[in-house]
Every structure is written in structure tokens, then in C-alpha cells.
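Please look at the sequence and the structure shown here.

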Amino acid sequence: MADALAAHAPQFDDAEQQRTASNLGIWIFLATEILFFGVLFAAYAITRVRFPDAFAAASRLTNLPLAGTNTAVLLTSSLTMALGVHAAQHGARRAVVGWLSLTVALGCAFLAIKAVEYRLDYLEHLVPTLDFRYAGPQADQVELFFYMYFFITAVHGLHVLIGIGCIATIAVMAARNAFSPDYFTPIDVTGLYWHLVDVIWLFVFPILYLISRS
Amino acid sequence: MDSLPFFPVSASTTAGQVDNLYFAWLALSGVVALAVALLLIWFAVRYRRGSAANRIVADAAKSEKRMRRIEIVWTVVPVVLFLAMFVWSARVYYVNVTVPRGALPIYIVAKQWMWHAEHPAGEREINELHVPLGRPVELLMTSQDVIHSLSIPGFRIKQDVLPGRYTTLWFTANRAGEYHLFCTQFCGASHSHMVGRVVVMEAAAFEGWLSAHANLPTMAARGAQRYRQLGCDGCHGAQASVHAPKLEGLFGRSVELRDGRSVLADERFIRDAVLLPNREVPAGYDASMPSFRGQIGEEELLEIIEYLKSLGNATQQVMP
Amino acid sequence: MNSASIASEENYLSSGWNWWAWLTTLDHKRIGILYTITITLLFGIGGAAAAMIRLDLLTPNSQLVSVETYNKLFTMHGVIMVWFFLIPSIPATLGNFLVPMMVGARDLAFPRLNLASWYLFVGGALFTIYALLAGGVDTGWTFYAPYSTTFSTSQVFAAATGVFIAGFSSILTGLNFVVTIHSMRAPGMTWFRLPLFIWAMYATSLILVLATPVLAMTLMLMGMERIFGIGVFDPALGGDPLLFQHLFWFYSHPAVYIMVVPAMGVASEIISCFCRNPIFGYRFMAYAMLAIAAFGFLVWGHHMFVSGQSAFAGTVFSLLTFLVSVPSAIKVFNWTATLYKGHVTFHAPMLYALGFVGLFTIGGLTGLFLASLGLDVHMHDSYFVVAHFHYIMVGAAVMAFFGGMHFWWPKVTGRMYPEGWARFSAILTFTGFNLTFFPQFILGYLGMPRRYPVYPPEFQAWNVLSSAGASLLVFGYILPLIYLLWSLRYGERAPANPWGAKGLEWETASPPPSENFHATPLVSEEAYAYARSESPHG
């Protein structure tokens, strides 16, 4: 089966063309994702500049330990993903399945920790429209911060979920010997997507949790 | 003539400048459009298949060079023309947004679906605006709900009217009469009913109209009353025990803030101070002023602004 | 040539004629046809709304429909025409069909993404039609906050969802085109031998890919604010309604180039063929389209001169807007110059293309009026703006679309359309269009605001003239529908290259085989290599 797929899809002239096309395709897709999140970051940045005090106060109420742990988890998962791609380049099927499975596990851990974090936020009355309570000044703007916080992290979480699905799928495909050193494009492409999800988190984390914590 | 109008009446001092721009563009684009059309037609006829026109290109290299030169010319010429038009139109625009000193202020509150005008001397109008001939008038406008836009085609002016902030428009009417006033930002079901008229009156007639309609105290007087009603002088008054800024002479002054910035104490500043007090805390004070959001309407806020203007040197605004 | 069978040899239409084959096809040519059918239906809906608008405007007091209904009519007209007709039109129909063929490939780079793109488009359309049937939307296609987020009680969320989903369709199409053009060109097909239609598709795809995500997120923010009542745009909470406008127009201005750049590509193909001349200044034309795509991202603030944005911002945007019009001006001059020393014939595609050049010129020039700060203050949100953008989007883009449909109809279907009727339609459309929209320039300067079902009575005469023109225009659109469908069964069979045109798509049969070419083409000549003294046939 590996040989059959090492051949190229019919619209391409050869495997080389398919690889080039797939690579260019995923990079363009990543560009669209950056623009997608860029709008969220822009809206957040503009609102933050208008209400620096309220946003700083609100930011201090976020759960830094859990989010920090999540950062470590996601960074590690990028590492395991990269190792999975590396293993695929060498045709080490069991290693590929192993690293991809570990990545899936770490991704799930990220989401689980996020769920815990959301629950804690809910218990502390920090979820807008769900019994939000804030006793300090500029409560409306603090609520606005949390609205954006949940929106941005939820959109990011959705991308993590989709990534987990993709990685799980290619892990299964790898287990069924679908890839070879000549053809592992899906792993390559998914790896790039996963790295982007990680990079986006590396922007989300500081702007939501770290700014104004001295 | 009225059944097929071609051109709007021109009733303000700046309308002529806008019209000149328009005519210039009409001329320029007319020439270009005509040139393109004529060339297309001429080439199409002359070089139609089977015609005897000469199609031989004698010297390919020379032709290539000539083509290159033509391309450059018809790139550079438009750029130069456009830059000239840009500068001219920007200057007209700057006149449009620079409110002259001593303009008579009129306050506009737009709401679905009517225009509410308040004269400082106390007159109130709905969907009508009586203004004097030959005197600059400044409209300070806000919306109570959605974005509207006040347009007076006869004066060639227009400005969006936003909720949550003030925008301004100014004009000097130079022709007595009545002119259309439209809302030109879609604002809901009765958007097209949100129309009115501007009535430009000679100075004497305008004074007459003012006195005939002055059945309310001035805006500043009403503002003073509101100021006391809301308890503002509890903190800002001379007898106050709380450390709060004194407001006499504040309006129009530059205020230094706690974070080091300097802002102008204009209408926007007052409005934000009342509704979002802790965004711009003056230096030497703390962020303890309560917000009056929900307790004060747009018209009342404007009355308080007029009152504060009356307390000090109300300098005229030059809009950025 | 016998007319008994569909074609004497196997082609992409002859194999697999059942629903399943069509709905699961991966063939870019069939997907192009699926899109054509879909957008024609949607054009009908959007056009019906327009017809009702123009009928209602015959009288100054909105006697045909209530003002609430009118507001929903112009909103749905805008939403459907912009996102469900114009944006996909040339790229998803002609682009899908022609991009692989023009570069010499068997299909696009990602055929499954292509099919997914069509399904996403249909899904988005269904949401929008649901919004229409469930009461309509009344915010205008521009969805300005806070009216759309807090005040409107219409189906804003459903409509925004429909557009959101259709946006992904745009992104996938653009992605597919960029990758195909980069990596799947036939041997010898260097960048500067590509047809200008491909350059147009490439420039358009860059915009599709980079601008559409911004729209998606903006609509999402608006939708969330509508549902949860807290927001970034709501001034009652210190939010900024201008932020919505900036985000919205950051996409929507480049979007207008998505609508017109493909039309420019079509015009170049048609004009060069029917003049038997290479396009004058090929490289300038290619660079101009790229410049338009790039600069188009820098001018969005010209929709906001009186919005409350700062005068400084307005000045910068005005300057940039003037600069972005320069490449378009160059293109108009170059098209005109292409006729010089050519052999010009006036088949229907050429009539449509010449109409495009004329109407695009007027539309573009009137854009300059609006770019002038001092003048725009008076003209903003008036019928002058309505006339301007209809000249570009309908006058230019739709005429080019029809021109392209006619030009490539023989290639796509293997049939010729009836030439006489087609020329008549082109002229009828051009005339009807001008009658409909030229009076609106006058109305605009007089001060008639847009989106007004009720207007001052002195504006009635021009409105009646405009509506009269619209009744002609309707026929200009219906006629091609009729005779093109007629030609599918009764039209004369088309040879591989009925126009004697240059381009790889003409070197294969009409209709083409499923794999486009029996052997990979080898390209050895420049684009539009019409010999200067050659006399055309056809």
C-alpha cells in the first residue's frame, strides 16, 4: 500500500510536483489562519489600548499556573510532532505512530487543562453572561476583557481540537502502513498546521496572561 | 425646471468650492472618457477586418521603444494629474472640517428616527433647523442609538452622527431659504423618514424666530439645574469635602492627566468624564468619580456641557 | 459533424450523466458548471430583489412595498449579489474551468478541495436563503454596528452565517488557483507566457486568500456580539462602532477587486483574440493587476471619510486611493491600444468586452470623484456612490462575465450560440445599463440618499428614467439565458477553435476530454502570438 501511495495523485505529473503543491498549499492555508487570528488580536489590542487599567486588572485574574502548564504541554507536543515527522522521513513506522499518538495525548491534555481552567473561571464568576460578577471599578471593561479572553481561547481551542482529529487520523493511517520515506506528505502538512497552532498560542498566552503581571 | 432638476441649489460659502471640484472632475473625466471612446471607435472602424488600413509594423524595435515611451507617458500623466486633484480636494476638505472661531453652536441629538436640535438660547426643534444667514454655525452632534448621518445637500456637507461620541459639522449659509436635511446612514425601518429642513433666515428674522420660540430657559440654565440635581456640586462645588477638580474655567483648557498625557477639556472630555470617569483621571486626583451612565440622557449631558462652557472661557474648537 | 450524439468522441460531459456522478465529481470542468448553475439561480434571486426595488422607486412614497420590506430587499440584493454572485462569478465558473487548461494541466492541484469549495458555497447560500425566507435581513449588506448587533430584529445571524460559510469557499478556491499556477504549469509555460486571464486569477486569488479570513472573523465578532450582548463594537460599553467599519472594509474593499480583476482578465483574452493582436504592454498589464491587488489592501478608509475617522487618516486614504487607480487607467489605455493595427471583428464576446472597457472607464473615473475628500463629503452615501459601484460591478464585471460565457461557450459545451441574438443582447444590455444607472449620478449630486424607499418628489423623474432602463436591462440578461440553453440542444457544433484564438484551451477538443489534453502540451511561443499580418477566420 505504501508503494501505491508513493505514486502521485492523477492531476500531478510526478511525486515531486505533488510535494511542491502540497507544501505551497499548506503554507497558504497557514497564511489565512494568521489573518484570521490577526483580526482577533487587532480587536483585542485596540480595546486594550482604550482601557489599559481595566484590562490589566482583568488580566491579573486569569489563571497563570494552568495556562503556563498548557504552554509547556503545547510546546512539548510540537516537539513530539516534529519527531514524528522526522521518524516518517526515515520510514520508522512504529516511531511515527508513537510520536503522533503522544502528540494526540498532549493535545488532549491541553484541552483538558483548558476545560479545568474554564470551570474555575466559571466558579469565580468570570464568565460573561453566566453570572459574571466583578466588584472593582470599570466592571464593564473587565467583562469585555473576559469576553475577548474566552472568544480567543475558544477559537484557538477549536483549532487544537481539529488538529487532534487530523493527527489521530494520520496516526491510524501510519499504523496501517500508508506512508513511506517517499510519501509522507499528510504528516508533513499536519505537522505544519500543528506548529502554527502552537505559534498562535505563543501569542495568545502573553497578550492575555502575561502583560501587566510584573 | 423643478420637475427635472440637474443641479442642487448652492447655499453655503463652501458649496462653491465643492462644486468647482465637481466641475473640474466632470471636465477631466469627460475628456478622458471621450478620448477613450473615440479612440476605441476610430480604431475599431479603421482596423476592422478587411479594411485597407496599413497594418505593417515597419521597424519592430523602434515600435517597441515607442510603445514603451507611450506607456510611461500615460502612466506618469495620470499620476501627476491625480496628485494635483488630491491636493486640491484635500484643501477643500480641510476648510470643511476646520470650524471657524465664533461659530454659533447648535446641538443635535439624533435618534431613531428624528433629529433633535437644541439652541443654546433654549429653543428646541425636531426635524428642523433654523439658522441665521451669513453667520458660521457649528453643529455638535451625537446619537442616542445607532449611527446616523446628517446631510444638507444644499450646503454640500455631511457627517456621520455616532452613539457614544460627538462629531461636528459647520457651515455658513449664504442664501436664505429652505433646504433638505437627510439622514444618510442607514439606521433602521424609518431611515428614509428621518428627513427635515434647514431654514436659513436673515439676521433680523432669525432673532425674531428665536424670541418667539424662547419658552424654555437657556441650555446653560437647564444644565446648571441638572448639575445640582445630579449632585455634581457635592464633590465639585466650593463647599465640597471631597478632593475633586474645580470646574470653573475648565472648558477649553488643556488638562494634564495622571498618566502624563495632556488632553483638551472639550465636549468629548466632559462626556467621557461623566460616563467613563476613570479613563482620564487628572493629575493629582484619584479614580473615585462614579459613573453617571444610565442616569443622564444625551440632551441633558449637552446641557451640562453648555453650563460648564458658561463657567469659564469657552474657547472655540478647532476640529482635528 | 453529426448532431445525433453528444459528441463523436469521449469528453468530460459524455461520461457519467447521473446525479451521483455530478455531485461527487472531482473534475474541475464539471465543478465549474455546478457553480455556473448555482450562481445563475442566485443571480435570479438577487435580480428579483433589484426589480422590486426599481419598481418601488417609480413613485416617491414607496407604494409597492412597505419601508421595512424595502430595507430587506436592498439588503438581500446586496448580500446575494456581492457574495453569492459577483465574488464567485468569474473565478468559480470560468476560472475553475480554464485555469488548469490554460496552464496545460489535467486538473487543479486539489480537486477534492475544489468540490468541497462548491459544497461550502451551496451551504452558505442555503443559510442565506433561509434568512430570506425567515423574514429577511434589514441592515444593508454592510451590517454596520450597532444597528446590526443591538437594534435590528431581523435574521442577521443567519445571513452572516451564510456569508461566513461561503467565505471558506472563496478561500479554498483561491488557494487552489495559487498552488496550481505556481506548480502545475506545462513545460515551456513560463510566467510571462501565461495568458493574462491566469495573471488575473492569480492576483484575485491572493486577495481571496488574504482578505476573506478578515471578513470571516469580523462577521463572527458581530454575530457573537449579537448573541451575547457584550461587545467590541457596542459604544454603550465603550466599544467602538468604527472598529467594525475598519474591519469590515479592510475585507470589503479588496473584495471589489475580487469582483473586477477577473473581468479584466477576461477582457484581455477576448480583445486580443478579436483584434488578432497581442495585448499592448503585456507585462504592464500583468504587473498592473498585481499592483491593484496589493494596493487594494491599503485604501479601505475611503469608505469612511465622513465616518468620524480622523482627517489625517482620511487624507492618507485619499492619496492611496488616487494611486491605486493608476494601474487601472493604464489597463484601459492598453486595451484601447490593442486595437491599433489589428484586424477587428465584432462577434458578441468582443461587443461585451468593448462594453466592459467603456463602462469600466466611466465607473473608474467616477471613483476618482469619490476619492476626492472635499467632494466625497457631499457625495458619500448618495446615489452617486450607487451609480459608481454599479458601473463597475454590473457594467464592467457582469458584461465581462457574459462576454466570457459567450467566448468560451463553444469550448465548454461544444456548441455555438446564435450570433445574431447574442450581439443584440450585448447592445441591449449596454443600453439598458446606461439608462438605468447614468441618471443615478445626477440624483446623487442632487443629494438623493441611498437606501431610501421614500424620497422628495422632485427626484421622481430621474427615478422613473432609471427604472425604465432597468426594464430593458432585465431583457438583456434573460435573452442569453434563453438562447444559451437553446444552443445546448440545437446550437451548431463547435470545432476545437472556432475563434482561431491563441491559448492552450483552444488546442484541445470542444468539449475537452476529461483529462483536458491527450498529451501534455509543450509551450514554445509567447502569449497572444497572433501573427500581425494573419487574417482570422470564424
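How many salt bridges are counted between chain C and chain B? The count between these two chains is 0. A salt bridge here is a side-chain nitrogen of Lys or Arg within 4 Å of a carboxyl oxygen of Asp or Glu.

## Ground rules

This is a predicted model, in which local features need pLDDT of at least 70, side-chain atom pairs count only at pLDDT 80 or more, and totals for chains, interfaces and linings use all residues. Residues are numbered from 1 along each chain as its sequence is written, chains are lettered from A and ligands numbered from 1 in the order in which they are written, and side-chain values use heavy atoms, with hydrogens and water left out.

## Where chain C meets chain B

In chain C, 82 residues are in contact with 77 residues of chain B. Contact means heavy atoms within 4.5 Å. The area buried between the two chains is about 7,100 Å². Carbon and sulfur atoms give 70% of that area. Buried area is the accessible area (1.4 Å probe) that two parts lose on being put together, summed over both. On the chain C side, C:Lys341, C:Tyr445 and C:Tyr452 lose the most area to chain B. Together they give 9% of what that side buries.

The rule also finds 23 residue pairs in polar contact across this interface, both residues at pLDDT 80 or more. A polar contact is a pair of N or O atoms within 3.5 Å; within protein, one must be able to donate a hydrogen and the other to accept it, and residues adjacent in sequence count only if both atoms are side-chain atoms. Several elements of chain C give two or more residues to the side that touches chain B, among them α3 (67-86), α9 (241-275) and α16 (460-490). The largest share, 14 residues, comes from α11(C). Helices are DSSP runs (H or I, at least four residues), numbered from the N terminus.

## Aromatic pairs

Over all chains, the structure holds 94 aromatic pairs. Rings of Phe, Tyr and Trp (its six-membered ring) pair if their centres lie within 6.5 Å; planes under 30 degrees apart count as stacked, over 60 as edge-to-face and the rest as tilted. A:Tyr149 and A:Tyr209 form an edge-to-face pair, 5.9 Å centre to centre with 75° between the planes. A:Tyr149 lies in helix α6 of chain A and A:Tyr209 in helix α7 of chain A, so the pair ties together parts that are 60 residues apart in sequence. Both tyrosines, A:Tyr149 and A:Tyr209, are buried. Buried means under 20% relative accessible area, exposed over 50%, and partly exposed in between (1.4 Å probe, protein chains only).

C:Trp300 and C:Phe317 are also edge-to-face, at 4.8 Å and 65°. C:Trp300 sits in the loop between α10 and α11 of chain C, and C:Phe317 in helix α11 of chain C. C:Trp300 and C:Phe317 are buried.

## Salt bridges

The total over all chains is 24 salt bridges. In chain A, A:Glu16 pairs with A:Arg19, the closest N and O atoms being 3.5 Å apart. The two are 3 residues apart in helix α2 of chain A, about one helical turn. A:Glu16 is partly exposed at 47% relative accessibility, and A:Arg19 is partly exposed at 36%.

In chain B, B:Asp272 and B:Arg268 meet in a salt bridge at 2.7 Å, N to O. Both lie in helix α6 of chain B, 4 residues apart. B:Asp272 counts as buried, at 13%, whereas B:Arg268 is partly exposed, at 30%. A network of salt bridges links B:Glu118, B:Arg124, B:Arg222, B:Arg226 and B:Glu303.
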